Amino acid sequence: MAVGKATGSVALFADGVHSLSDLITDALVLLGTWFGALPPDQSHPYGHGKFETFATLGVAAALVAAGAAICWDAGLSLYAHEPFVAGPAVIAVALVSVVAKEALFRITRVVAARAGSPSVYANAWHHRSDALSSVAVLLGAVAGVMGWAHADQVAGILVGLMVAGVGVRVGIEALGELTERAVDEREMAVIKRCLDEHPEVREWHRLRTRKVGRGTELDVHILVDPYMTVAEGHGISEVIEKSIRDELTTPSRIVIHIEPYDEVL
């Protein structure tokens, strides 16, 4: 931001604002993951997983707001026909930002995958969008040096659109969680396979799933031998629960209803 202000580069200053929004969303993710990891209590018997979903929405809102502000500033500068030719300082700072933000993206993405955290994953893509925006600044600076006087403003608008686009995508994912959307096809296939592979399960139905923060919740009805003891039925449910938890990368809350299998029905 300082170099952008000193040199008059709208695109570099916008990229600095984007980086500042990264810092703000980091704080939101820290708060969301901390609250989301709290154990269940009397007022939240199902846990606090949706705090992390709200943190993800906060990240998305910050991205969209930052993108809109960047486009607005760059558009005003372009409308005013303010020419700008980047110097070596703009190119150097943009290049350092590309390398640093891409490294942050890769590190954060690995951590998000290990933890199964949607808010950390969203923040990883915030880092990637920052890297891409710095690439746009870098290309705009090079184009300016080559003689295109308005390349910096155009690069700034591209930066803003990329930032807002990432925010919209992240926000749609978070809204899907709030509206009780089912898990993705990969996780659903894992769950169905665990149910199908158990030899004592004759049939199963009424499978329901949803994402809550970094966790997966599901309930299902399994049909077993009607002459099986309660203890045997309970043992089957425990085996299925363990197999699902071992297969999924996210924490799971599983409820299995035992029903008697009736061949006539």
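Okay, let's start with a term: a crossing of two helices is left-handed if the near helix is turned anticlockwise from the far one by less than a right angle, and right-handed if clockwise. Keep that in your head while we look at this one, which is a predicted model.

So, which way does helix 7 cross helix 8? Helix 7 passes helix 8 in a right-handed crossing. Helix 7 covers residues 185-197 and helix 8 covers residues 230-247. They pack at an angle of about 150 degrees, and their axes are 9 Å apart. Angles over 145 degrees count as roughly antiparallel, so helix 7 is roughly antiparallel to helix 8. Who does the touching? From helix 7 we have Val-190, Ile-191, Arg-193, Cys-194 and Leu-195, and from helix 8 there are Ile-240, Ser-243, Ile-244 and Glu-247. Sort the residues of that contact by class and you get six nonpolar, one polar and two charged.

Now hop over to helix 2, residues 10-36. One partner is helix 3, residues 49-79: the two axes cross at roughly 170 degrees and come within 8 Å. Helix 2 and helix 3 are therefore roughly antiparallel as well. Their contact splits into 13 nonpolar, nine polar and two charged residues.

Helix 2 also packs with helix 6, residues 151-178, and here the axes come within 7 Å and cross at roughly 20 degrees. Parallel or antiparallel, then? An angle under 35 degrees counts as roughly parallel, so helix 2 and helix 6 are roughly parallel to each other. On the helix 2 side, the contact uses Val-10, Ala-11, Leu-12 and His-18, while helix 6 brings Asp-152, Ala-155, Gly-156 and Val-163. By class, that's five nonpolar, two polar and one charged.

Last stop, the rings. How many aromatic pairs do we get, if ring centres have to lie within 6.5 Å? The count is zero. But do look at Phe-13: Lys-5 lies over the face of its ring, 5.4 Å from the ring centre.

Notes
Residues numbered from 1 in each chain as written. Predicted model: local features only at pLDDT ≥ 70, side-chain atom pairs only at ≥ 80, totals over all residues. Heavy atoms only, no water. Phe/Tyr/Trp six-rings, centres within 6.5 Å; stacked < 30°, edge-to-face > 60°. Lys NZ or Arg CZ within 6 Å of the ring centre and 35° of its normal. Axes fitted to C-alpha atoms, helices over the stretch in contact; angles between N-to-C directions. Helix = DSSP H or I, 4+ residues; strand = E, 2+ residues; numbered from the N terminus. Parallel < 35°, antiparallel > 145°, perpendicular 65-115°, else oblique. Contact = heavy atoms within 4.5 Å. Nonpolar A, V, L, I, M, F, W, Y, C, P; charged D, E, K, R; others polar.
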